[in-house]
Every structure is written in structure tokens, then in C-alpha cells.
Amino acid sequence: MSVIVTDSGFAADDWPEGANEAVLDLAADADPAEVVLDPAPAMIRVNFPSFSDGRGFTIARRLRVLGYSGRLRAKGHVIADQYAMARRSGFDEVEISDELAARQPEDQWKFRADWQAHDYQSRLRGA
């Protein structure tokens, strides 16, 4: 099983069963320029094989720059401290294992859910 993390906290996966044909799974070493976005998949999941492997953040950002507007999900070894980066780079949600959710409870993820307010760019614009 897995847990979906959103700005509201933990949630069950609301992706319809049987709709996996509308999902595109990308490895951490995928080249977003080679992803066919016409027709665009309803959801793209980007795999994070390790919390120290940040290539998925770059993939998400490049997909958004290329015009992908569907659901974008980070899947795998993303930790709570990386949630703000995941959201800023373009991910809508994060999918983690039940084991990771037990080690990093919902309150740790919700603490980082105010990802828009505490970035350096906002502080620079406000000065």
C-alpha cells in the first residue's frame, strides 16, 4: 500500500482503479524532452529511487515548462523535508510507502505544506 501526501496531509489514493492506462511512469533518468505529451497522459508519476536522488525535481520542472498540465506525482523515497521542493518544482502530490509514513508522520509533512510562503524568492520580492 501507499499514502498520498498533499498540502492537506495524508490521503488515500483517489486515482480510479483500472485507469492505469492513463498513467505514465517515468524513471529518475528519463528525458522529459522525449515524453510524448500529445495526447497528454492524465497522470505522470516520477520515480524517486532514493531521497538523495534529486533528478525527479528537474524532470517535474521540465515537464511543466514543456506544457504538461495534468496530475504530476512524485513516487518513492521522498522525505518530508523535500515536500516544499517537490511542490515548487511542479509536483501536485507525493506517493510514499506505508513504512515511510510511519517513520515520518503526517504532522511532519503538514509542517512543510506552507511551501509557498517561505521561499527566498518571495522574501526578495517583498524587500
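In the predicted model, strands β4 and β5 run parallel and are joined by six bridges; two strands are taken to pair if DSSP finds at least two bridges between them. Within this pairing, Phe 48 stands opposite Gly 76 of β5. Strands are DSSP runs of E with at least two residues, helices are runs of H or I with at least four residues, and both are numbered from the N terminus.

These pairings belong to an open sheet of six strands in the order β2-β1-β6-β5-β4-β3, with mixed pairing. The edges are formed by β2 (9-11) and β3 (23-26); each has a single partner strand, so one side of each is left without a neighbour in the sheet. Neighbouring strands are turned against each other by 30° on average, direction ignored. Axes are lines fitted to C-alpha atoms, for helices over the stretch in contact, and angles run from 0 to 180 degrees between N-to-C directions. Strands of a sheet pair through backbone hydrogen bonds, either parallel or antiparallel.

Residues are numbered from 1 along each chain as its sequence is written. As the model is predicted, local features need pLDDT of at least 70 and side-chain atom pairs count only at pLDDT 80 or more, whereas totals for chains, interfaces and linings use all residues, and side-chain values use heavy atoms, with hydrogens and water left out.

Overall, the protein contains five helices and six strands, which follow one another along the sequence as β-β-β-β-α-β-α-β-α-α-α. Of the 127 residues, 39% are buried, where buried means under 20% relative accessible area, exposed means over 50%, and partly exposed lies in between (1.4 Å probe, protein chains only). The accessible surface comes to about 7400 Å², and carbon and sulfur atoms account for 51% of that area; accessible areas come from the Shrake-Rupley method with a 1.4 Å probe. Among contacts between residues at least 6 apart in sequence, 67% join residues at least 24 apart, a contact being heavy atoms within 4.5 Å.

The largest nonpolar core has 25 residues, and those with the most contacts inside it are Val 46, Leu 63, Leu 72, Phe 91, Val 94, Ile 96 and Trp 109. At least two residues of this core come from each of β1 (2-6), β4 (43-48), α1 (55-65), β5 (71-76), α2 (83-89), β6 (93-97) and α3 (98-103). Helix α1 gives the most, with four residues. A nonpolar core is defined as a set of buried Ala, Val, Leu, Ile, Met, Phe, Trp, Tyr and Cys residues joined through side-chain atoms within 4.5 Å. Strand β4 is mostly covered, as five of its six residues are buried. Helix α1 lies across β3, β4 and β5 and runs at about 160° to β4. When residues up to four places away in sequence are not counted, Leu 72 touches Ile 44, Val 46, Ala 60, Leu 63, Arg 64, Gly 90, Phe 91, Asp 92 and Glu 93.

The side chain of Ser 89 reaches the backbone oxygen of Ala 86 at 3.0 Å. Beyond its neighbours within four places in sequence, Ser 89 is in contact with Phe 57, Ala 60, Arg 61 and Arg 64.

Arg 112 is found in the loop between α4 (106-111) and α5 (120-126) and is partly exposed, with a relative accessible area of 24%. The side chains of Arg 112 and Asp 81 are joined by a polar contact of 2.5 Å, a polar contact being a pair of N or O atoms within 3.5 Å; within protein, one must be able to donate a hydrogen and the other to accept it, and residues adjacent in sequence count only if both atoms are side-chain atoms. Not counting residues up to four places away in sequence, Arg 112 touches Ala 80, Asp 81, Tyr 83 and Ala 84. Arg 112 and Gln 82 are 30 residues apart in sequence, and their C-alpha atoms are 8.5 Å apart in space.
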